[in-house]
There are 2 protein chains.
Amino acid sequence: MTKAEWNQSVVSREEHRQQKRDAVLQVGAKLFNDRGYENTTLDDIALELNISKRTIYYYVQNKEDILFECIRGSLEFMQGVAKELADGEGSVVERINLLTSQYMIHISTDIGACIVLTQLASLSESRRDEIRKSMSLLDNLLADLVRQGIDEGIIKPIPSRMITAAIFGAINWTARWNRNSAVTDQAELAGVFSGIFLDGILTTKSAS
Amino acid sequence: MTKAEWNQSVVSREEHRQQKRDAVLQVGAKLFNDRGYENTTLDDIALELNISKRTIYYYVQNKEDILFECIRGSLEFMQGVAKELADGEGSVVERINLLTSQYMIHISTDIGACIVLTQLASLSESRRDEIRKSMSLLDNLLADLVRQGIDEGIIKPIPSRMITAAIFGAINWTARWNRNSAVTDQAELAGVFSGIFLDGILTTKSAS
């Protein structure tokens, strides 16, 4: 990021601050994902943003603060999906598709990938709990949908936690090899994965 | 590990050394997986083995040496699977099952999980290449089998790399949550995953 980019798009004072803070989070997340959380310093982030470390402290208190904000971003995203599912209509298959495809897109962003790529061992116990809580939100939602599908006779009677582990495993791993659609378009990949998952768990072949 | 365990089962001098070296690798791998490679020191490993750091240097040169030996163990495992597939008979489905179920068991061990859980960013470029080479060996084998299945008309005409990414993603992720069968028996899980994967990619439902 150049100095000019950092200084541009000034709106209100508060909006201005918010935008710069977002830039710190964005670049922090990217470096955590590229180099590992342990191998990234606030100096690295300041250097990448072309600002001083002192300026960074105006937006965040420390490195863990950046990570925590990224995790909070993921939690908000997941709460949004949960609300959309609670408010909306649609068959079990449609709802599984909505959940997995949205998660797949989220996880391919730098902010989203943090939750998957950061080694939990590097974090304090309370931060670790935050990540686990965030993860289990979608996990529980998908498990509920799977159990509903089993009750309806459209999904094979497999332990629901094994199904969610297979699906989230495949999705989470994409954060390692296809972040920011580095190899293939993540939205297209989401469609292909969806076809594999659904035929894999449905009692009859899906329409796809 | 107690001092008594460390000293027991002495055979020949060379065998003795080999066994103690294996114990260093085993404990090293476990700590890397539990705490992260960056967060583990040779002191931690010595403490866990109840030996001095000086004794550790008799078996390995440094921390990266331990990780490298674990990676080499995985590479040997993968070469073994490759040989078994090359020498053996069996349908495409049977061979895919052989490859994935064996890999799934391997990845649930501490030595096997290292290759998946270690952040590549923590390693030197040459070590990183070793891991990639090792990973791509099985990846290429599975992709070949998938393409053969597509040619035979039994597997859906999906880009083979998307199929291997889905399958290996789901398997690799188990190293995060089910190492040493912590949650559920990994061999049983391998059977369930196999049923999901196969129905997910075959043009007709599998016999399972």
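Analyst: A residue counts as buried when its relative accessible area is under 20%, as exposed when that area is over 50%, and as partly exposed in between. The model discussed here is a predicted one.

User: Is A:Phe32 buried or exposed?

Analyst: The relative accessibility of A:Phe32 is 3%, and the cut-off for burial is under 20%. A:Phe32 therefore counts as buried.

User: What is the geometry of the aromatic pair of A:Phe32 and A:Tyr37?

Analyst: A pair of aromatic rings is described by the distance of the centres and the angle of the planes. For A:Phe32 and A:Tyr37 the centres are 4.9 Å apart and the planes stand at 75°, while A:Tyr37, at 8% relative accessibility, counts as buried. Planes over 60 degrees apart are classed as edge-to-face, and the pair of A:Phe32 and A:Tyr37 is accordingly edge-to-face.

User: How many residues apart are A:Tyr103 and A:Phe168, which also form an aromatic pair?

Analyst: A:Tyr103 and A:Phe168 form an edge-to-face pair, with 5.3 Å from centre to centre and 85° between the planes. A:Tyr103 is buried at a relative accessible area of 2%, and A:Phe168 is buried at 7%. The pair links distant parts of the chain, with A:Tyr103 in helix α6 (residues 92-107) of chain A and A:Phe168 in helix α9 of chain A, and the separation is 65 residues.

User: Which residues does B:Gln186 touch, leaving aside those up to four places away in sequence?

Analyst: B:Gln186 lies in helix α10 of chain B, and at 1% relative accessibility it counts as buried. With those up to four places away in sequence left out, the residues that B:Gln186 touches are B:Met104, B:Ile105, B:Ile107, B:Ser108, B:Thr174, B:Asn178 and B:Ser181.

User: What is the phi of B:Ser181?

Analyst: Most residues other than glycine have a negative phi. B:Ser181 lies in the loop between α9 and α10 of chain B and is partly exposed, with a relative accessible area of 29%. Although B:Ser181 is not a glycine, its phi is positive, at about 50°.

User: Where does B:Asn180 lie?

Analyst: B:Asn180 has a positive phi of about 55°, although it is not a glycine. Its relative accessible area is 47%, which means that B:Asn180 is partly exposed. B:Asn180 lies in the loop between α9 (160-177) and α10 (186-201) of chain B.

User: What is the area buried between chain A and chain B?

Analyst: The contact takes 40 residues from chain A and 40 residues from chain B. Carbon and sulfur atoms give 62% of the area buried between chain A and chain B, which comes to about 2900 Å².

User: Which residues form the salt bridge of 2.6 Å between the chains?

Analyst: Two salt bridges are found across the interface of chain A and chain B, where six residue pairs are in polar contact. The salt bridge at 2.6 Å, N to O, joins the side chains of A:Asp199 and B:Lys156.

User: Which helix gives the most to the side of chain A that touches chain B?

Analyst: On the side of chain A that touches chain B, at least two residues come from each of α2 (13-35), α7 (110-117), α9 (160-177) and α10 (186-201) of chain A. By class, this side has 20 nonpolar, twelve polar and eight charged residues. With ten residues, the helix that gives the most is α9(A).

Notes. Residues numbered from 1 in each chain as written. Chains lettered and ligands numbered in written order. Predicted model: local features only at pLDDT ≥ 70, side-chain atom pairs only at ≥ 80, totals over all residues. Heavy atoms only, no water. Contact = heavy atoms within 4.5 Å. Buried area = accessible area lost by both parts, 1.4 Å probe. Salt bridge = Lys/Arg side-chain N within 4 Å of Asp/Glu carboxyl O. Polar contact = N/O pair within 3.5 Å; in protein donor to acceptor, adjacent residues only side chain to side chain. Helix = DSSP H or I, 4+ residues; strand = E, 2+ residues; numbered from the N terminus. Nonpolar A, V, L, I, M, F, W, Y, C, P; charged D, E, K, R; others polar. Buried < 20%, exposed > 50% of the residue type's maximum accessible area, 1.4 Å probe, protein only. Phe/Tyr/Trp six-rings, centres within 6.5 Å; stacked < 30°, edge-to-face > 60°.
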